[in-house]
Amino acid sequence: MTRENIEPIQMQGPVCPIPHRHTDTIVIGHGSGGQMTHDLVQNIFKSRIGNAVLAEGNDAARLTLKGQTEQIAVSTDSHVVSPLFFPGGDIGRLAVCGTVNDVAMLGATPVFLTAGFILEEGFPMDSLIMIIDSMAEACQEANVQIVAGDTKVVEKGKADGVFINTAGFGLIPQGRTIGGQFAQPGDAVLISGSLGDHGIAVLQARGDLGFESDIQSDITPLNHMIGELLEKIPEVHVLRDPTRGGLATTLKEIACQSQVSIRLQEESIPIKPDVRIACEMLGFDPLYLANEGKVIVILPAEKAEAALETLRTSPYGTMATRIGAVFSEDPEQVLLQTPFGTTRILDMLSGEILPRIC
Ligand code: MG
């Protein structure tokens, strides 16, 4: 593949204006996935290495090779979760599923991954084997292969056990256009299941929960569930996984990309009782907690019921629910309508609530 045989992509519509918040050094909030990450990406990265492909601002890049009818989806993600093992998963499963899901969010079929490892001197070999076995299992489940890799070792104290970077490559069927810029007024907003499970599971593994809970991380490869959804309902406009920054930040990004507003009904948003209790005790808003096995689906309202039925046939979509709708008024706003009749404006996550969650 050369740059010359990649078709140029037209710049997309406006995105939310990003205020420049100057700090002299990197702070932990730059990794939140929220407002500070957006500031960093826009003001430091995109202003220097930006291009029309990056400007699309989706989970994966959409590339067209000249003379080919299929497009390619490409994504990359680094994983620094702490601790490395937690209820429901580990850094290996996370590294495979996170990248598989980002590729799947363009409606692509993930096919190949790469994996780069940064290992700390003194890290137990048994633990590394457990992580690699977990990656192998997740690859089998997602039906992808790791086809290139890299290993670096740094001195003791210069890393934290293991960091993993993965890149993913997938094929986008001809005619499929799915992305955060395609939400339309009148569309319905669906979520495939309950929110905040991953964030609370990692918190529990850190010993910071303060009570016994059965909450497991939701880390899941979503590509098979999404493939079935798109086969039955190709009219889907937007797919996005609400990972760092949670549902609220992710919907804000979509509202900005599509120049629409999104209104949510608070009582319809699925949250497990243990997650709700943990959030109340610790002062977290579950709408800003990370998820690793959930997808937001935005599609024409008349297709919503059929989409929910299809999602619920998957073991990963049994709690799929319609949570809101898209409007043309108040573009770039995400509004939460509470059961008390009040409305709350949801902005991107500001600062950082749970560092190194993925
Ligand atoms: Mg994503």
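The model is a predicted one. Three residues stand out on one side: Pro87, Asn101 and Met105 supply 31% of the area that domain 1 buries against domain 2. No other three residues of domain 1 give more.

Where do the two domains lie in the chain? Domain 1 runs over 72-176 and domain 2 over 180-346. Their contact takes 24 residues from domain 1 and 23 residues from domain 2. The centres of the two domains, taken over C-alpha atoms, are 23 Å apart.

**What holds the contact**

How many salt bridges are there between domain 1 and domain 2? The count is zero. Polar contacts are present, though: nine residue pairs link domain 1 and domain 2 in this way, both residues being at pLDDT 80 or more.

Next, look at the side of domain 1 that touches domain 2. The elements that give two or more residues to this side are β3, β4, α3 and α4. Which of them gives the largest share? The helix α3 does, with eight residues. By residue type, this side of domain 1 divides into 12 nonpolar, seven polar and five charged residues.

The elements and their residue ranges are set out here.

| Element on the domain 1 side | Residues |
|---|---|
| β3 | 85-86 |
| β4 | 89-90 |
| α3 | 91-104 |
| α4 | 125-142 |

**The magnesium ion**

Which residues coordinate the magnesium ion? They are Asp59, Asp102 and Asp241, each through OD, at 2.1 to 2.2 Å. The spacing of these donor residues in sequence is D-x42-D-x138-D. Asp59 sits in the loop between α2 (52-55) and β1 (61-64), and Asp241 sits in the loop between β9 (238-240) and α7 (246-258), so this pair ties together parts that are 182 residues apart in sequence.

**A salt bridge across the sequence**

The structure as a whole holds 12 salt bridges. One of them joins the side chains of Asp160 and Arg356, at 2.9 Å from N to O.

**Two backbone details**

Two loops deserve a look. In one, Ser82 and Pro83 are joined by a cis peptide bond, with omega about 0°. Pro83 belongs to the loop between β2 (71-79) and β3.

In the other, is the phi of Gln259 positive or negative? Phi is near 55°, a positive value, and Gln259 is a residue other than glycine. Gln259 is found in the loop between α7 and β10 (261-265).

Conventions:
Residues numbered from 1 in each chain as written. Predicted model: local features only at pLDDT ≥ 70, side-chain atom pairs only at ≥ 80, totals over all residues. Heavy atoms only, no water. Domains from an automatic or database assignment. Contact = heavy atoms within 4.5 Å. Buried area = accessible area lost by both parts, 1.4 Å probe. Salt bridge = Lys/Arg side-chain N within 4 Å of Asp/Glu carboxyl O. Polar contact = N/O pair within 3.5 Å; in protein donor to acceptor, adjacent residues only side chain to side chain. Helix = DSSP H or I, 4+ residues; strand = E, 2+ residues; numbered from the N terminus. Nonpolar A, V, L, I, M, F, W, Y, C, P; charged D, E, K, R; others polar. Donors = N, O, S within 2.8 Å, 3.2 Å for Na, K, Ca; no water.
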